[in-house]
Each structure stands twice: as C-alpha cells, then as structure tokens.
Amino acid sequence: MINIEQRTDSSAKMVILAPILALTLTAISTMIIFLWASLDVMNAFYVFYIEPLTGKYNLSELLVKAAPLMMIALGLSIGFRAGVWNIGAEGQYIIGAISGGAVGLYYYNVEATWLIPLMAFAAVLGGMGYAGIAAFLRTRFQVNEILVTLMLTYVAILFLSAMVFGPLRNPDGFNFPESRIFHDSATLPIIWQGTRAHIGFIIALLFAGVTWFITKKHMFGMQIKISGSAPRAARFAGFNENKTIWYTLLISGGLAGLAGLFEAAGPVGQLVPHLPVGYGFTAIIVAFLARLHPIGIVFTSLLIALTYMGGENAQITLQLPSSITSVFQGMLLFYFLACNVLIEHKVAFSFNWSK
Amino acid sequence: MDELAIQIILGISVASVPLIFAAIGELVVERSGVLNLGVEGMMIMGAIIGLVVQYHTGSGLLSVIAAMAAGMLMASIFAFLTQLFLTNHVATGLALTLFGLGVAAFIGKNYSDITVTRISALHIPWFSDLPVIGSLVFGYDPLFYLAILMVFLVWWFLFKTKRGLILRAIGDNHDAAHAIGHQVIRYRVLAILFGGGMAGIGGAYLSLVQVPMWVEGMSAGRGWIAIALVVFASWQPFKVIVGALIFGGISILQLHAQAFGVYIPAQYLSMLPYLMTIIVLVSLRIGSKSNTNRTMPNCLGKVFHSTS
C-alpha cells in the first residue's frame, strides 16, 4: 500500500527535487513514445530537447515564445493564488490583440513613437475589459468565472474571425481574411538584430520582478494569498473578497491582452485568424509548473517554450504532428502535479500482507 | 407538421445527445464531490477512438465501446492523480483537457481525410413508419435512446438506491461519510470512471453520428458546455435533458437562421451557444434568492485525505 502522510511543513528539498523528478519522468515517457513511433530514440531526443538550445535562430525563437507565456502566466498566477480561476486568458489575449491592433491599423499612415505605447494601452484595456465581464458576473451574480472566461474564449476566436473577414480586413488584400501588415511604427522594437526576438521579452521580465514584489512584499500579495487559502480568515481580517476577484481578473486580463498585442505587433506582424495558438491555455501549465512563483515562471516559460520549439523541429525533421507538443505539455503537468504531493506529504511504501 | 419543422426537431435532438451523455456523467462525478474539468479532453478522445475503431472494424457497437473505454482510461488518470496523489481537481482537470486535445490531434493526423459509416437510425417495423411520430419518436439512432435511458438510470441510482444515497453523502461531507465507514475513495474513483465513459460515448456521438469524420478540435467546447449544464440542472438528472435541448436548439437555429432570412455574419451566429451558456448561468442566479447554491454538493472540488 502507498501511505501518504501530511508534513507539518513543506519540504524545501522536495521543492527542488519534485520538478526534476517530473522532468525526468516526462523525458522517459517521451522516449517510450518515440520508440512506439519507431523513431531513432537518441536522434529524436536530440531534435526535441537539445536542438532548440543551439544556434541564433533557435535561441531567439525561444525568447519569442517564452515572452507571451511568461506575461500571461504571471497574471494568472496572481489570480490562482487567490483561488480565482481565469481559464480564458486565450480570449483576453485575442481581444487585446484586436483592440491594440485596431489602433495600429487606424493610424496606418502615421509614423510616430507614441503609436506602440498607445496600442499597448488599448490592448491592456481590451484584455481588462474582457476579463472584467467575468469579474462582474462573479461578484454580482456568483457565476463561476471558469465557465464564463472559457465561453468568452470561444466567442473571442469567432470575433477575431469576424473582424479580419470584415472591418479590419486589408482593403488591398485581395479579400484574404487578414488585416494590413503593421507598419514600422506599429511594430515592436527588436532586441536581437536579425531575429524576431522583441522587446516583449524584456517587458515580461520586468513584470516578473513587479509580480514578485507584489506577491512577496506587498500587503496585496498577503491579501490574495489568504483569500485563496483561508477565505473565512480573509473575511474576518476585513479583506474584501469582491475586490480580490476584480483586481486579480483585471491584472491577468490586462497582461494577457498585452501579450496578445505583442504577438500581433511582434512576430506575426498583422491580425490573422490563426493568431491564437493556445498560449493562453499553455500559460496555465507554465504557472503551475512554477508553483505560482513569479521567478519560477521565468524559467518554466522558457522550458515550455522549449517544448514548442521541440515540437516544431520534430514536425520538420521527424514528420511528427505538431500536436505532440500539447501531449508532452499535458504529460509534464500530470507528472509534476503527482510529484508535488512529495512537497507537502511524506510518502511511504509499506507492504503489510496481513492487512 | 411540415417537413422543415420535423427536420429542426430531429436536428435539435441529435445536437443535444452528446451534451446529455457528457453532462449526466459529470453530474454523478460532481455529486460524489469531485470536480473534473477534463470533460472536453475525455470527449475528444472518445470522438477520435470511436472513429478509428469504426474505420477499421466497421462495427458501430465496438466503436462505441472503445470510445467509452478511451474516456474511462482518460478518467483513470484523473482518478489516480486526484484520489491517490491528492492533486488539485481544477489543475488536474485542465491538464486532462489539454492532454486529451493533444493526444486526439496526434492520433487524428492519420485519419483526417476519411469518412466512416454513420451509425444509422433504428428502423422499428410499423412504428418507425408512422407519420410524424414515426420519425420524431421512433426514428433515432440507438445512442439517442441510450442517452435518455442513462438519465433515468442515474436518477434511479442517485435517489432510489442505498449506494446512490451513500454517493451523495460522500459528496456532501466526505469526512462524516468516512467516519461512519464508507469507502470515500472507492466511490469517487468509480464515479470518475463512469463520468469518463459517458463523456467518451458523448464524444463518439460527434464523430459517428453528427459528422462521420474527424475534424481537429471537433468537440468545440461541448465538454465545457456540459459542465455548465450540470450547474444549470442544479445537479438534478432530469433537468440535464431540458438544458441539453435548449443548447441543442440554439446550435440548430443558428444553422437555420439564414433560411429564415437573418443576414448577419456566420461568426456572430456561431457565438450564440457560448453566449447563451453565460446568459443561462446568470439568469439562474437572478432567479434564486439565496447567495449560494443549495443543491451544490458541499465537498465539490475539495481534496479528501483520510488520516486514519
């Protein structure tokens, strides 16, 4: 029998060991999948895990993919601490891209340095507004935010499609469902010459610092932590539950919206129906792998970006479908959640045959 | 009754079947105090496995059983993690959905250009030939009748049997149920497996009856709508049918809207089922006086850890 016993304090050793164990188990499982797909295991392993870490192109793309994941996950982690489950970051990401992108498209013939900040502002507002719907319905009508944010994600995907087929379609684009290509003033500055790595990564790092400060050093961090772990105590302490819901949803929505714009005005360069690629959902995994710790999120977003790159490489060189990425990401989270039990609990294997 | 009306009613019924399956499974899971947000992932696995087995064997019965098994296999991952390893229900359920969508897309890559034989409607001699009633009551595929039967069975189990009573007691207070000697984990694991099996069949209905082919992400949020349906039904089995018919109705009316001369871009019409889900959840809260939902199982989503 497996005997699980609660620890009095979480084990510091296990905080480090659990993710390593989860990674190892994921690596072993991927090898089994490679074997089953009758691939050269060592080569597949190289393509998936090592190749993304080599060369200018791969490394810069790692930053491109880590930036939106980090930004969204930081916002989500604040809400998850408070027990506010914003699962629809993907939707807020899309609305952010549309509202910020629309500003850029409106000024398509204006060359000015204020344009990108204005677009970013619109994107944050868009993302906040969209998440705000869930906050309003939760605080006013006690409607579960998980379902609302998710349903709104499907609505946002359709709305993006309606926009690029309609009002935001490129008038000179031969009726293709895509917007104009953002001009130079409406495109993010590049931080690594000759690559697509953009300023969004630096901004995401700054947000990681700010989030760390808020959650660890500021009263608000204390408030959301208690609201999440002991709602009754939070109420007695005079913390306003509705305020926590509003703040956490607005923060996560705003960051997701900004991430959406950075993707549109960064590597993609225009509004297209396939702009959302699931970063909003994957960021949930990123946040959990980091155990909701802001600095941890910096590393886990790079790790998950690696699985995206690995998946793309595997698609090109091994002819594996790109969906293998989500398989590995899901598996990693499963193993990680299971290994997490080691942090808060002692696990003993006992064989008591008489029982 | 004219032909169009009959077509619409048939369409609504067919559209609501996957929701009934998935929601009635999740209802039992939630009644036992477990919140499994992996319904979407289990459904899509049922859809692809059902299609693969149908393609290779051509046996409708075998493919439905395989889809059920696929859903249960997915659910067993969830059961293992949440019940044995005490993981957070929300996080594990989300992982299950993401994992399921990925695995299904992975398998489905080789089956994207094929169509399979649709599971056809029953033909009951004489009854199915009756005018109007023949097609509206006796003209469905076997799974349609199974869905209705499952709702009855779940109602009977939950409210008319001792084990159903125990399951509900566990959902309302797992510590008390454990203290008087009930096997909390065992009941919950079985409930989760049942939920997975039902979601799997619901998924198979999409790929074997509604559209007999594979489209990546073809569950399109129905797993999530099913979870909303359980809330809408206030955890009462029969209300699941009412809710499913409403959602089925909206998704069919959206298809027929153009026929009625409604000219708005298709994307806005496709938003209706999702918006409707939100509207229904809100109107439910406006209608009720108390601030909390009284029928909701008290231990829903809480991790159970026995200390003895």
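Me: What makes the A–B interface, and how many residues of chain B are in contact with chain A?
Reply: Contact means that two C-beta atoms, placed from the backbone, lie within 7 Å. In this predicted model, 39 residues of chain B are in contact with 38 residues of chain A. On the chain B side, H3, H4, H10, H12 and H13 each supply at least two residues. H4(B) gives the most, twelve. Helices here are DSSP runs (H or I, at least four residues; strands are E, at least two), numbered from the N terminus.

Me: Which classes do the residues on that side of chain B fall into?
Reply: They divide into 28 nonpolar, nine polar and two charged. Nonpolar covers Ala, Val, Leu, Ile, Met, Phe, Trp, Tyr, Cys and Pro; charged covers Asp, Glu, Lys and Arg; the others, Gly among them, are polar.

Me: Why is H7(A) called roughly antiparallel to H12(A)?
Reply: Their axes come within 8 Å and cross at roughly 150°. Axes are lines fitted to C-alpha atoms over the stretch in contact, with angles from 0 to 180 degrees between N-to-C directions. Under 35 degrees is roughly parallel, over 145 roughly antiparallel, 65 to 115 roughly perpendicular, the rest oblique. So H7(A) is roughly antiparallel to H12(A). The residues of this contact divide into seven nonpolar, two polar and no charged.

Me: Why does B:Met198 count as buried?
Reply: Buried needs 20 or more other C-beta atoms within 10 Å; 12 or fewer is exposed, in between partly exposed. B:Met198 has 32, so B:Met198 is buried. B:Met198 sits in helix H9 of chain B. Beyond four places in sequence, B:Met198 touches B:Phe21, B:Ala22, B:Ile24, B:Gly25 and B:Met150.

Me: What makes a nonpolar core, and how many residues has the largest?
Reply: A core is a set of buried Ala, Val, Leu, Ile, Met, Phe, Trp, Tyr and Cys residues joined through C-beta atoms within 7 Å. The largest has 216 residues. Those with the most contacts inside it include A:Met70, B:Phe21 and B:Ala23.

Me: Where is confidence lowest in chain B?
Reply: In helix H5(B), at a mean pLDDT of 70. The scale, the predictor's confidence in each residue, runs from 0 to 100. Chain B averages 86. The model scores ipTM 0.87 and pTM 0.88.

Methods:
Residues numbered from 1 in each chain as written. Chains lettered and ligands numbered in written order. Predicted model: local features only at pLDDT ≥ 70, side-chain atom pairs only at ≥ 80, totals over all residues.
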